[in-house]
Amino acid sequence: MELPFAESYKIKMVEQIHPSTREDRERWIREARYNLFNLKSNQVFIDLLTDSGTGAMSDKQWSEMMIGDESYAGASSYFKLKDAISNITGFPYFLPTHQGRAAENVLFSALIKEGDFVPGNAHFDTTKGHIEFRKATAVDCTIDEAYDTFVYHPFKGNVDLGKLEEAILKYTPSKIPALVITITCNTSGGQPVSMENLRQTYHLAKKYDIPVVFDSARFAENAYFIKMREPGYQDKSIREIVAEMFSYADIMTMSSKKDAIVNMGGFIAMRSEELYRKATVFNIVFEGYITYGGMSGRDMNALAQGLYEGTEFDYLDTRIKQVAYLGTRLKEYGVEIQEPFGGHAIFVNAGSMMKHIPKDQFQAQTLAIELYLESGVRGVEIGTLLADRDPVTRENRYPKLELLRLAIPRRVYTNNHMDYIAVALGNVAARKNSITKGFRILREAPIMRHFTVELERV
Ligand SMILES: *Cc1c(COP(=O)(O)O)cnc(C)c1O
């Protein structure tokens, strides 16, 4: 017999999690104003809210924590991290930041001004937030296949080069300070971008002399998909693929809480010394001195180690196969999900499952709440709440897809947990027609409302 797939690590330390009753959960979610962000973590049994900063560090990363250098300036931890970043990405300059959005804040302060346009493949919400906060506009140039959950495409994160060139000509290169390419593309479902597409996008950008930024939170998962799906890359190592990917970028922002498997941290890296100098000023104002920028020495050490571990094939194979295992089980229970499966999460097509509920009653949020009530599993809405209001008209922006995201933390849950999640959502799917009403908003913030919104049942 062929040997079954098994994890490429074993468990050395465990953390208790808390089962609850449906009655408990009814009360807790009401008290949380039907916003899953407001739940206390011990009110959640399996937490799939995000894969951001929720991973389990390795024994080697914990060892690195003990030997961090906490010197204010010139810490050895800074140089360890600088080496790791230049070894893996090839970028000679870098600035540490406390997390990914801080990297965006610093970089965009140096790059973007009012009235600018920033094309890319479906920008991440904080990225879009930082663009719109500067009164600039994010322009989505993702391929159309990304928004069709039924069609198979190996690289649904790809940029549509036709749409991109049209956008460049329409808004003119002088108004476009950068392109932002998100790898993998979170907003379209954790979908990868092919090497060929990265190369072509870069060449198009160079034709108009526009810098390319990679929003790189899940760059290693993107590399894994290139290895598995793109002709010519089967025999290349993840590190070789990563190096080629970054050769098609001028700048990267990183949320280290994802593929670098740390609980906090981020950075910016770039090729241009001039941009580095410009960004340094903002880094010192917003984050901290250039050799720590919002991170402790110990955290920079763990991050350097995490960058190496996160780009090992065996680790990535374990991770992405676990996500696919959940996807396969959900399909067996008749739950409609986005395919091919994403790298870090499974995206449930809540718009189709809850189509009998009006869109303005938040179909995906309704499904997320039902899943929590059923099982104590916390997912997250990637739909109308997240898409927020149009900054000018203040009307709800209805996104093309109304999704429930089940994000899988790295190295945290076992496949028994995946089975539990699949049965729970299967049960909700089986009784979906009895769920006839959604939610209305009681209170919301003017920007990024999904984090703090308060809701009531219609
Ligand atoms: C998480 C993430 C960010 C923001 O990073 P934080 O560390 O959460 O501030 C930006 N872009 C992408 C693609 C992300 O996944």
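## A walk through the predicted model

Pro-340 is found in the loop that runs between helix H12 (313–332) and strand E9 (345–349), and in this predicted model the peptide bond joining Glu-339 to Pro-340 is cis, with omega at about -5°. A cis peptide bond also joins Ile-183 and Thr-184, where omega is about -20°, and Thr-184 belongs to the loop between strand E5 (179–182) and helix H7 (195–207).

Ala-122, although it is not a glycine, has a positive phi of about 45°, and its place is in the loop between strand E3 (117–120) and helix H5 (125–133). Because its relative accessibility is 5%, Ala-122 counts as buried. Met-448 is likewise not a glycine and has a positive phi, of about 50°; this residue sits in the loop between strand E13 (439–443) and strand E14 (454–457). With a relative accessible area of 23%, Met-448 is partly exposed, since the buried class ends under 20%.

From the backbone we can turn to the ligand and the residues that surround it. Which residues come nearest to the ligand? Of the 14 residues around it, they are Gln-99, Arg-101, Asp-215, Ser-255 and Lys-258. In the side chain of Arg-101, an N or O atom is 2.7 Å from an oxygen atom of the ligand, while a polar side-chain atom of Ser-255 also lies 2.7 Å from a ligand oxygen atom. The shell around the ligand consists of two nonpolar, six polar and six charged residues, and helix H4 (residues 100–111) gives the most to it, with three residues.

Phe-45 counts as buried because its relative accessibility is 16%, whereas Tyr-420, at 35%, counts as partly exposed.

The rings of Phe-214 and Phe-246 have centres 5.8 Å apart and planes at 50°, so this pair is tilted. Since Phe-214 lies in strand E6 (residues 212–215) and Phe-246 in helix H9 (residues 238–246), the pair ties together parts of the chain that are 32 residues apart in sequence. Elsewhere, ring pairs link Tyr-78, Phe-79, Phe-94 and Phe-267 into a cluster.

The charged end of Lys-400 sits over the ring of Tyr-147, at 4.2 Å from its centre, and Lys-227 lies over the face of Phe-313, where the distance to the ring centre is 5.4 Å.

Note on methods: Residues numbered from 1 in each chain as written. Predicted model: local features only at pLDDT ≥ 70, side-chain atom pairs only at ≥ 80, totals over all residues. Heavy atoms only, no water. Buried < 20%, exposed > 50% of the residue type's maximum accessible area, 1.4 Å probe, protein only. Phe/Tyr/Trp six-rings, centres within 6.5 Å; stacked < 30°, edge-to-face > 60°. Helix = DSSP H or I, 4+ residues; strand = E, 2+ residues; numbered from the N terminus. Lys NZ or Arg CZ within 6 Å of the ring centre and 35° of its normal. Near = heavy atom within 4 Å. Polar contact = N/O pair within 3.5 Å; in protein donor to acceptor, adjacent residues only side chain to side chain. Nonpolar A, V, L, I, M, F, W, Y, C, P; charged D, E, K, R; others polar.
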